[in-house]
Amino acid sequence: MAGDELVGLAERLQGLCLGRGVTVALAESCTGGLVADAITDVAGSSGYFAGGVVSYSNEAKETLLDVPRPMLEAHGAVSAQVARAMAEGARARFGADVAASVTGIAGPDGGSDAKPVGLTYVAVADADGVDVRRQVWPGDRAANKVSSAAAVLGLLLERIGASVAASSSATAERAR
């Protein structure tokens with residue numbers, strides 16, 4: 001079960017999505033389904049949550065999300081390029097209005113000087129394009145997973161909230 005902070009973010013996301021008729025899909029790697037767990041901990045999530053993929057291996061990223069093998073080879077699974085492709089792949093796979101992805105190194109192993117433990121990329125894709133954010137979390141594996149999941153939910157809230165604000169501004173402008 002997801003923590004209270006994550007469920008609180010998921011409740012806010014649900015309110016926005018149901019209010020706007022927006023559907024959401026996910027592509028998770030380092031969080032292992034934690035974001036989907038938080039979303040589905042809130043009753044009524046089936047009204048907007050199309051589904052998600054936990055694509056932990058490169059093969060799953062290629063097969064389920066259409067992340068190109070040359071991209072994985074050139075940039076590695078933990079990269080802005082792959083986060084972008086994962087979000088776009090989830091959006092296409094589920095036919096969702098918005099999709100988010102997360103890929104990172106939760107720890108305690110797997111880091112390097114170039115890609116330290118805690119390095120995470122979060123992306124969101126919609127009809128307006130893709131936004132990718134880079135974070136480096138300082139915690140242990142469990143804390144890094146929660147931080148990454150919160151970042152995904154936060155980016156979804158930001159993106160969907162921005163589209164709500166833009167839509168409201170356009171409506172107000174037309175009313176003048």
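Okay, let's start with a term: when I say contact, I mean heavy atoms within 4.5 Å. Helices (H or I, at least four residues) and strands (E, at least two) are DSSP runs, numbered from the N terminus. This is a predicted model, where local features need pLDDT of at least 70, side-chain atom pairs count only at pLDDT 80 or more, and totals for chains, interfaces and linings use all residues. Residues are numbered from 1 along each chain as its sequence is written, and side-chain values use heavy atoms, with hydrogens and water left out.

So, helix α5, residues 80-94. Which residues of α5 are buried? Val 82, Ala 83, Ala 85, Met 86, Ala 87, Gly 89 and Ala 90, where buried means under 20% relative accessible area, exposed over 50%, and partly exposed in between (1.4 Å probe, protein chains only). The cover over those buried residues includes β1 (24-28), α3 (58-65), α4 (69-75), β3 (98-104), β4 (119-126) and β5 (129-136). Just after α5, Gly 95 has a positive phi of about 65°.

On to the salt bridges, each a side-chain nitrogen of Lys or Arg within 4 Å of a carboxyl oxygen of Asp or Glu. There are 4 in the structure. One of them pairs Arg 159 with Asp 126, at 2.9 Å from N to O. Arg 159 sits in helix α6 (residues 141-175) and Asp 126 in strand β4, so this bridge ties together parts 33 residues apart in sequence. And are these two buried or exposed? Arg 159 counts as buried at 16% relative accessibility, and Asp 126 does too, at 13%.

Then there's a network of salt bridges linking Asp 131, Arg 133 and Glu 158. Asp 131 meets Arg 133 at 2.8 Å, N to O, while Glu 158 and Arg 133 have their closest N and O atoms 2.5 Å apart.
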